[in-house]
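I opened this model to look up a few local features. My notes follow in the order I took them.

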Amino acid sequence: MLRFGYLVAAVATLLSPLPVVGSVVRRQTVSFTSDGNPILADGSIYSADPAPLVVNNTLYIISGRDEAGPGQNDFIMNQWQIFETSNPNPGGGSWTLHQNVAQPQTLFGWASAGTAYASQVVQGSDGKYYLYAPVTQSGSPNADPFAIGVAVSDSPLGPFKDAHPGGPIISQSVPPPGDSIQNIDPTVFVDSDGRVFIYFGTFGQLRGYELEKDMITIKGSVVTVQTLTGYFEAPWLMKRGSTYYMLYAANNAGQNSPCTPTSYHACLAYGTSSSPLGPWTFRGVFLDIVSSTTSHPGAFELNGNWFLVYHTRDAVGGTHFRRSIAMDKLEWDESTSPPSIVKVKQTKRPGPPRQPTRNIAPSAKPTSANPTPIQYWIAAINDERVESNPLPPDYWCSWAAELSPQTNILTYTWNSTVSLNGVSMAFFADQPAGSNIGVAPPVSWSVQYLTANDTPEEVSFNIVQTTALRAILNASGGNGQFAAVGVKEWRALAPVAS
């Protein structure tokens, strides 16, 4: 695959590497001070899929650890870790990170290594702590090997041991007759009357069961949820007052979608019910898309205040596969019945001072004359990110298989007149120049600016005054079939950096 552009990743060293004893990574605990979201932002340790638990006014957040390389597009997750604080504050504060709380293959004798995906710890009626985790079952007889296991401990920090050594409590074959979905992302809720409920599922499939009070035995028949608009994955079951809330990652993409314009991103939405097993009523979107393609909710109450935990790619060196957990306030509109969740405002730690730059493209509005295929994102061309191995929403592209258009026009529009004397463009390609398939560099491209009489003129790179700029990208190919054109970033350069 041909790739154009560059990626600069800086990784700090707040936390030291974990000691390794034989094939087992030894647990390590370290304290650090956060200066805002994401909670641990220096790029030394990445974290994803947070699930909060409050015990004795102390917050514990279990998460998977992302270990993918800078340009590696894969979920490399080999362990779970727990963040702990007694004073959660989105603006920062003191935290303790307990690394390597558990690994799939050491926690469950029937599990394979890796895939330490979204898990949750809850306290049972017996006072013990139960860890529900999706892992891949070694030697699984099922078409999809993902399964959900349960481990138990006397402490929210572990050590945990398998509570059901005979195997998973949920897979494609248990409980009978099984299912045909991917069984990941468990969320578990222990109600005030001691009843226990579990939901799980991804790729638009959401299932639920009641559990016996032993926390491991399935009780009753499965519930299939189909009323939560855009449900994709990452359910979170909770209760406030007498109302049950189901938070989840949604993916009902579209140009005018209230959730996400691209099929790779996810917003966070929710539904409510008067019963933990539904029926569920969709209520709306409460968190817009974040910087990572995936999103994952968890919510908790502490000292009368509610908070949302989720993840982003906003840490140093972060990518869609090197995520970091964040936390913001969760507020309620009591004027509705049931009370609705007010849209969450994402906060971020203070960033470094912005360096002077000639690139004024980020202040423009980008548009495409041709429709943008739903997997790509027009906003990517001026986000000042150029990925070495981008996912589709990291760039704009005209790909439409054998119907990819020959000519593409991208336009920048500013609210007021700007001065320009140059442009540059970073292209994405997975085919060589001249191809009529896939995504290839354009055979030619030019730039025009808007004059006072609205007549486009070709840029000569002398200083021009304009409110709009457009690029004409001529695709390679011929005989009625053309390759697509992909743009990672289009810079519009002013005469002087500011």
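I started with Y248, which is buried because its relative accessibility is 0%. I call a residue buried under 20% relative accessible area, exposed over 50% and partly exposed in between, with a 1.4 Å probe and protein chains only. Before going on, I noted that this is a predicted model, where local features need pLDDT of at least 70 and side-chain atom pairs count only at pLDDT 80 or more, while totals for chains, interfaces and linings use all residues. Residues are numbered from 1 along each chain as its sequence is written, and side-chain values use heavy atoms, with hydrogens and water left out.

**Entry: aromatic pairs**

How many aromatic pairs does the rule give? I got 21 aromatic pairs. The rule takes rings of Phe, Tyr and Trp (its six-membered ring) with centres within 6.5 Å; planes under 30 degrees apart are stacked, over 60 edge-to-face, and the rest tilted.

I then looked at Y231 and Y248. Their ring centres are 5.5 Å apart and their planes stand at 50°, so this pair is tilted. The pair links distant parts of the chain, with Y231 in strand 16 (residues 231-240) and Y248 in strand 17, 17 residues apart. Strands here are DSSP runs (E, at least two residues), numbered from the N terminus. Y231 counts as buried because its relative accessibility is 9%.

Next I took F427 and W445. Their centres are 5.8 Å apart and their planes are at 75°, so I logged the pair as edge-to-face. F427 sits in strand 28 (residues 422-428) and W445 in strand 29 (residues 444-450), 18 residues apart, and the pair links distant parts of the chain. F427 is buried at 9% relative accessibility. W445 is partly exposed, with a relative accessible area of 34%.

I also found a cluster: ring pairs link Y245, Y270, F286, W306 and W332. R240 lies over the face of W332, 4.3 Å from the ring centre. For that call, NZ of Lys or CZ of Arg must be within 6 Å of the ring centre and within 35 degrees of the ring normal.

**Entry: nonpolar cores**

Which residues have the most contacts inside the largest nonpolar core? They are M238, L247, F286, L308 and L330, in a core of 49 residues. A nonpolar core is a set of buried Ala, Val, Leu, Ile, Met, Phe, Trp, Tyr and Cys residues joined through side-chain atoms within 4.5 Å. A second, separate core has 27 residues, including F427, L469, A471 and W490.

I listed the contacts of L247, leaving aside neighbours within four places in sequence. Among them are W236, M238, Y270, F286, L308 and I341. Contact means heavy atoms within 4.5 Å.

**Entry: disulfide**

I checked the cysteines. The count comes to one disulfide, taken as a pair of cysteine sulfur atoms within 2.5 Å. C259 and C267 form it, with their sulfur atoms 2.2 Å apart. The link of C259 and C267 is left-handed, with -110° about the S-S bond. Both C259 and C267 are buried. I looked up C397 as well, and it is buried at 0% relative accessibility.

**Entry: two loop residues**

Is P258 buried or exposed? P258 is exposed, because its relative accessible area is 59%. P258 lies in the loop between strand 17 (243-250) and strand 18 (267-273). P258 touches V285 and D288, not counting residues up to four places away in sequence. P258 and G284 are 26 residues apart in sequence and 8.7 Å apart in space, C-alpha to C-alpha.

T293 is in the loop between strand 19 (281-287) and strand 20 (298-302). T293 is buried, with a relative accessible area of 6%. Beyond four places in sequence, T293 touches Y264, H265, A266, H320, L391 and P393.

**Entry: backbone**

Most residues other than glycine have a negative phi, and most peptide bonds are trans. I therefore looked for departures from that.

A cis peptide bond joins N37 and P38, with omega about -10°. P38 is in the loop between strand 3 (28-34) and strand 4 (48-55). Another cis peptide bond joins V174 and P175, with omega about -10°. P175 lies in the loop between strand 11 (161-162) and strand 12 (187-190).

D49 is not a glycine, yet has a positive phi of about 60°. D49 lies in strand 4 and is buried at 9% relative accessible area. A234 also is not a glycine and has a positive phi of about 60°. A234 lies in strand 16 and is buried at 0% relative accessible area.

Note on methods:
Helix = DSSP H or I, 4+ residues; strand = E, 2+ residues; numbered from the N terminus.
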